[in-house]
Amino acid sequence: MADTPQLTAGICERIHSAKDGEETEAATKSRPTVQILSIKKVGTTSDSTKVDRYRVIISDGEHFLQAMLATPINALIESGDLTKNSIITIENCTCNNMGD
């Protein structure tokens, strides 16, 4: 049995508390490892073309965040390669505050 990767404890809090892009970049530069707790398909429309989007909840083992996946990742979900409870490494992200 392969070793389960260690989650990057505290990274969700660091990303959530980041005040600007530089802090977010610093938090994710180390390529943190998190677990996907849930995946939900949400539809959006763009130029009258339906584009499926996926909202996920990720956890670092201590805290959790909601996130929207970039559309190029859709194929991983649709093929079943990325599922609930998958452990992933964040290589790139953009953070936007969505309210209080």
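Me: Which residues of helix H2 (residues 21–28) are buried?
Reply: Thr24, Ala27 and Thr28 are the buried residues of H2. Buried means under 20% relative accessible area, exposed over 50%, and partly exposed in between, with a 1.4 Å probe and protein chains only. Helices (H or I, at least four residues) and strands (E, at least two) are DSSP runs, numbered from the N terminus. This is a predicted model: local features need pLDDT of at least 70, side-chain atom pairs count only at pLDDT 80 or more, and totals for chains, interfaces and linings use all residues. Residues are numbered from 1 along each chain as its sequence is written, and side-chain values use heavy atoms, with hydrogens and water left out.

Me: Switching to the core. Which residues touch the most other members of the largest nonpolar one?
Reply: Ile58 and Leu69, out of 14 residues. Helix H1 (11–17), strand E1 (33–46) and strand E2 (49–59) are the elements that give two or more residues to this core. A nonpolar core is a set of buried Ala, Val, Leu, Ile, Met, Phe, Trp, Tyr and Cys residues joined through side-chain atoms within 4.5 Å.

Me: What does Leu69 touch, not counting residues up to four places away in sequence?
Reply: Arg53, Tyr54, Val56, Ile77 and Leu82. Contact means heavy atoms within 4.5 Å.

Me: What is the bridge partner of Ile58 in E3?
Reply: Leu65. E2 and strand E3 (residues 64–68) pair in the antiparallel sense over 5 bridges; two strands pair if DSSP finds at least two bridges between them. The two strands form a hairpin with 4 residues between them, and Gly61 in the turn has a positive phi of about 95°.

Me: How many salt bridges does the structure hold?
Reply: 2, where a salt bridge is a side-chain nitrogen of Lys or Arg within 4 Å of a carboxyl oxygen of Asp or Glu. One is between Arg31 and Glu91 (2.8 Å, N to O). That pair links distant parts of the chain, 60 residues apart: Arg31 is in the loop between H2 and E1, and Glu91 in the segment after strand E4 (87–89).

Me: Is Glu91 buried or exposed?
Reply: Exposed, at 59% relative accessibility. Arg31 is partly exposed, with a relative accessible area of 46%.

Me: Which side chains meet at 3.4 Å, N to O?
Reply: Those of Lys41 and Asp52, in a salt bridge. Lys41 is in strand E1 and Asp52 in strand E2, 11 residues apart.
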